[in-house]
Every structure is written in structure tokens, then in C-alpha cells.
Amino acid sequence: MSVGLGLPIGDPAQLLTWARRADATPFTTLALLDRLVYANPEPLITLATLAGATSRVRLQTEVLLAPLHHTPLLAKQAATLDLLSGGRFTLGIGIGGRDDDYLAAGVDIRTRGRRLDGQMAELRRLWSGEPFGEDVGPIGPAPARPGGPEVLFGGFVPAVVERVARWGDGFLGAGLPAPHMDRMFRDVEAAWSRAGRTGRPRLLAQVNVALGPEPVIDRARREIRAYYGPENSYTDHIVNGMLTTRTGIRDAVAAFQAIGADEIMLYCWSPDPSQVDRLAEAAFTDRP
């Protein structure tokens, strides 16, 4: 099983340092979240910058809120990033659920699921080189990966499972312990089989992490609490579920490997670049 690294959003100026350090470790992927009404860096622009600072590690949105984006422009941006990174880009997609993001984008939050389904049909068509419309030609460039970059869907509702089977290459689950994620993974595999897809879907799990002395952990907790919002009922659960010990991280890696995860993403909430080495030691020491 591969282990990826989720990038913190608390100090965007440090992300080049994070990327260069991670590129020299066994981490397989660098991932970045997406919000509109928040102080996080825009993920596609940031990952394009990090692609130029790295040579090996993959770049992934985790997850891009696709309904907030203009679909033809998103098709062009994703194809460009896939091409310039040498095929190292994975487009993780979700719909989110925050009213303010949708209000700022001028998109009706109540239609986000239907909008995403329509977007996926259009993205796949544009990435294959078809014209945009009757009087409009194709939108290039062609992505490095034929048919478009790898696409993962994140979420917990049945519609996500069906989207993976119809449009995606895999599933990304976050915030669930391994026994609950096991059921999601099996549902995705079953839907994939029902859809007549060949091969198997990629299965990814995400856990929130931070390692170090108490001030480092305290800041990470503040960052994650601010992101999810003190007004949300589940925020305490997410904050308290963050893994803050090497043993906890190693146990999580082993648990998700046991249920068939292809990759586990360690999403770090401390902006200190020394986290790269701390987390690499925790994740890879004594692994076969």
C-alpha cells in the first residue's frame, strides 16, 4: 500500500519546501484541499507550482469542489496540469456542503449533485478531444493520460459510489475508521462490477495527522477546528480523531492496508515542514 501526504493550508508560503522534502521521501502523493470562502491556496494553481518543484511524487486535489468551477475551463486546467506534470496529476472530486462557497460562486447548492454528473460527461468528452459544441472546436491541450487524468470521487452517500462506477477511476474516503471504510470499499467494488467495468477501482483512505511537541499539536488542532468551523456538530469528533502519535499512525496504516486500501493519505494540519520527516519516519519505519 502506498502512503501519501496531505498538505497543510496554514502557511502556503511553506508548500514549496514541503513538496521538495516529500519528493525525497517514500511518500507517493501530495494532496491539497479546495474551498472558495477560506484562506487556503487555490489547489490547481498551487499543484501546478509544486509540479515544477518535484519530479517523482504525484499531485492530487483532495478534493476539488467541481460544481464551483466552470467546466470547460476546468477541463483545460486539469489537462494542462496532467500534461506539464508528466501524467502525475490525480483529480480528486467532491461536491462539498458549505453554503458560503456556493453563494460566492453563484451556484445553487441544491443542484450540486446533478451539476457534477453533467460536468463529468462534459469533462470526459472534452478530454477525449471531441469538439465543445456544434460551432466550437476542441478544448486542448490533450492530457498526458489518454481520456483525461485519473479521477477519484470523495464522499459518503450512495451517489458517490455510483459516480465512481460510472465516471471514475477510484474512491477516496475520509474521516471513517477502517471497519466503516471497509463497507464503503466493498460497496464501491460491487458498483464497479455491476457497471461492467474491467479491472478494479483504486481505493484510498484519508486520516488527519500531526506529530511533535504539544504546541505543534495545539496549533494543528486550531487549524482543523477553524477549517471545519466551531458551529458544526461534528467538528469536535474530527479534531479529537486527529492522529498525533507514531503508534496511532502506524496502526492506521496497517488497518487500512488490511481492508485493501491502495493508498492512505496522511493529511497534516501543522504547517511546520519538519512534519514531512516526522510523518515519513512514522509511516515507513519497520514497514515491509
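Tutor: Buried here means under 20% relative accessible area. The model is predicted. By that cut-off, both Phe27 and Phe284 are buried. Their rings form an edge-to-face aromatic pair, 5.2 Å centre to centre with 70° between the planes. Phe27 lies in the loop between helix 1 (15–23) and strand 2 (29–32), and Phe284 in helix 11 (residues 275–284), so the pair ties together parts that are 257 residues apart in sequence.

A second pair is Phe171 with Phe185: the ring centres are 6.2 Å apart and the planes stand at 85°, so this pair is edge-to-face as well. Phe171 belongs to strand 9 (residues 170–174) and Phe185 to helix 7, so parts 14 residues apart in sequence are tied together. Phe171 counts as buried because its relative accessibility is 0%, and Phe185 is buried with a relative accessible area of 0%.

Leu266 touches Phe27, Ile249, Val207 and Val209, among others.

Trp269 is also part of a cluster linked by ring pairs, together with Tyr38, Tyr227, Tyr228, Tyr234 and Tyr267. Over the ring of Tyr227 sits the charged end of Arg98, 4.8 Å from the ring centre. Arg197 places its charged end over the ring of Trp192, 3.9 Å from the centre.

Conventions
Residues are numbered from 1 along each chain as its sequence is written. This is a predicted model: local features need pLDDT of at least 70, side-chain atom pairs count only at pLDDT 80 or more; totals for chains, interfaces and linings use all residues. Side-chain values use heavy atoms; hydrogens and water are left out. Contact means heavy atoms within 4.5 Å. Rings of Phe, Tyr and Trp (its six-membered ring) pair if their centres lie within 6.5 Å; planes under 30 degrees apart count as stacked, over 60 as edge-to-face and the rest as tilted. Helices (H or I, at least four residues) and strands (E, at least two) are DSSP runs, numbered from the N terminus. Buried means under 20% relative accessible area, exposed over 50%, partly exposed in between (1.4 Å probe, protein chains only). A charge sits over a ring if NZ of Lys or CZ of Arg is within 6 Å of the ring centre and within 35 degrees of the ring normal. Lists of a residue's contacts leave out its neighbours within four places in sequence.
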